[in-house]
Amino acid sequence: MSEDFNFTGVAQVGQTQTQPQNLSRASTSRDVDGNSGAVGHDNLLPIANVGRIMKDVLPPQAKISKRAKETIQECATEFVGFVTGEASERCRRERRKTINGDDICHAMRSLGLDHYADAMRRYLQRYRESEELAAALNNGSGGIQIDVRAELSIFRGNEQQDRN
């Protein structure tokens, strides 16, 4: 059984490689024909965003080197591309043009990333619930309605009972 994975720095089926490639960017991976899929720095996740995410999980006094940020930037970009590519394949097979959150969850599962897929599924569920609530509140119908007078009368009734 032969599988072609297009990971950066990993040899394709039928190719031999004695040393890992010296990679400056994740986007330098090559397709099966050997054509460069290189797209340059423009397709990397923004380094400021990557740095901010990294900083958020570290103690306040921790420092992050430029090279560490660049490395995580490359890895995160590759990860997003890898999962999105799998989701895109599913959409192509189903003749759809738009990738949705369910496609991303399915892609994560099929890539063996069940833990991430479960977290994504929970996030999607909460997100969709909040969107439904926001829509109901914006429409003014079917939303949460509170009868303030009834609530106040209940409160006043309890207050009067407490006095007796």
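Ile-47 is partly exposed, with a relative accessible area of 35%, where partly exposed lies between buried, under 20% relative accessible area, and exposed, over 50%, using a 1.4 Å probe and protein chains only. The model is predicted, so local features need pLDDT of at least 70 and side-chain atom pairs count only at pLDDT 80 or more, while totals for chains, interfaces and linings use all residues. Residues are numbered from 1 along each chain as its sequence is written, and side-chain values use heavy atoms, with hydrogens and water left out.

**Helix α1 and Ile-47**

- Ile-47 lies in helix α1, helices being DSSP runs of H or I with at least four residues, numbered from the N terminus.
- Beyond its neighbours within four places in sequence, Ile-47 is in contact with Lys-69, Glu-70 and Gln-73, contact meaning heavy atoms within 4.5 Å.
- Although Ile-47 and Glu-70 are 23 residues apart along the chain, their C-alpha atoms are separated by 7.0 Å.
- Val-50, Gly-51 and Met-54 are the buried residues of α1, and they are on the same side of the helix because they cover an arc of only 100° around the axis, an arc taken from the directions from the helix axis to the C-beta atoms.
- Exposed residues Ile-53 and Asp-56 are carried on the face of α1 turned away from its buried side, and α2 is included in what covers the buried residues.

**The second largest pocket**

- The second largest pocket has a volume of about 200 Å³; on a 1 Å grid over the protein atoms alone, a pocket is an open set of points with protein on both sides within 12 Å along at least five of seven lines.
- Its lining residues, which have an atom within 4 Å of a point, are Leu-45, Val-50, Ile-53, Met-54, Val-57, Ile-72, Ala-76 and Val-80.
- Helices α1 (47-56) and α2 (66-93) each supply at least two residues of this lining, which divides into eight nonpolar, no polar and no charged residues.

**The largest cavity**

- There is one cavity of 30 Å³ or more, a cavity being a set of points where a 1.4 Å probe fits but cannot get out.
- The largest cavity has a volume of about 30 Å³, a volume being the space filled by probe spheres set on the grid points, which are joined across faces, edges and corners.

Definitions and conventions
Ala, Val, Leu, Ile, Met, Phe, Trp, Tyr, Cys and Pro count as nonpolar, Asp, Glu, Lys and Arg as charged, and the others, Gly among them, as polar.
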